[in-house]
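I opened this notebook to record what I looked up in the structure. The entries follow in the order in which I made them.

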Amino acid sequence: MSDLVVPVIAIDGPSGSGKGTLCQTLARHFGWHLLDSGALYRLTGMAADRHGVALDDELAVAELAKNLDVQFVPGESGEPTSVLLEGDDVSGELRTEKTGLLASKVAVLGAVRSALLQRQRDFAQAPGLVADGRDMGTVVFTDAPLKIFLTASAEERAQRRYKQLKSKGDDVNLATLLGEIQARDKRDSERELAPLKPAADAIQLDSSGLGIEEVFERVLAEAKIRLLGL
């Protein structure tokens, strides 16, 4: 990706590092567009299911992915992002087990991955974009003027997830969560296609022990320097 005509903040990092909350806060602050790249595979699977397209019909699913009618709408302070598919709010349906299964089936299709690569880049529209993912700075927006690699210790991320699930009344085990996070980190960092790693010019920020406001202020300070020249 080169010759970006609108500013992009690319934020990568492992699950539980706080990327989603940070990206939403930044998008709301600047009044920019928001891209949740991981959700696009789930949305593609949902779109195929809606339109009766067979998940193994690679070209048909890729065409859906290429023309996906999606919006990510940052919520008010403290509220989650709303995800719209073809104008319908699918925020709740997006994270169900069924949708996850649909996503896993379409994500292995090379033509779909290619279509979604361009679809992600198409989110870079005026006045600007905050992109949340695992390969935003290394693959999708390699010329982004500000790249952040946000991480936290596996233990910290397990604690965050544990508290989140417990608050919903779920019966969870902290040790199990920690093992799952460590296994996912290993898969993400060792995969052949777009492995999870910081871009060479990314600012690496460890959010362990930091509140979202402190993380936001640190990234905002960098944004003012790199994007606004302040």
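Before turning to the core, I noted that a nonpolar core is a set of buried Ala, Val, Leu, Ile, Met, Phe, Trp, Tyr and Cys residues joined through side-chain atoms within 4.5 Å. I take buried as under 20% relative accessible area, exposed as over 50%, and partly exposed as in between, with a 1.4 Å probe and protein chains only.

**Basis.** I am reading a predicted model, in which local features need pLDDT of at least 70 and side-chain atom pairs count only at pLDDT 80 or more, while totals for chains, interfaces and linings use all residues. Residues are numbered from 1 along each chain as its sequence is written, and side-chain values use heavy atoms, with hydrogens and water left out.

**Core.** I looked up the largest nonpolar core and found that it has 59 residues. Ile11, Leu35, Leu43, Phe72 and Phe141 have the most contacts inside it. Helix α2, residues 37–50, gives the most to this core, namely seven residues. Helices here are DSSP runs of H or I with at least four residues, strands are runs of E with at least two, and both are numbered from the N terminus. In soluble globular proteins, nonpolar side chains tend to be buried together.

**Leucine 43.** I listed its contacts (heavy atoms within 4.5 Å). Leaving aside neighbours within four places in sequence, leucine 43 is in contact with Leu68, Val70, Phe72, Val83, Leu85, Val90 and Leu94.

**Threonine 44.** I found threonine 44 in helix α2. Is threonine 44 buried or exposed? It is buried, because its relative accessible area is 0%. Apart from residues up to four places away in sequence, threonine 44 touches Val61, Ala65, Leu68, Val106, Val112 and Leu116.

**Arginine 134.** I placed arginine 134 in the loop between β6 (129–133) and α7 (136–140). Its relative accessibility is 18%, so arginine 134 counts as buried. Not counting residues up to four places away in sequence, arginine 134 touches Asp12, Gly13, Pro14, Ser15, Arg184, Asp188, Arg191, Pro195 and Leu196. I also checked leucine 205, which is 71 residues from arginine 134 along the chain; their C-alpha atoms are separated by 15 Å.

**Whole protein.** I counted ten helices and eight strands. Along the principal axes, the C-alpha trace spans about 50 × 45 × 35 Å. Buried residues make up 43% of the 230 residues. Of the contacts between residues at least 6 apart in sequence, 74% join residues at least 24 apart.
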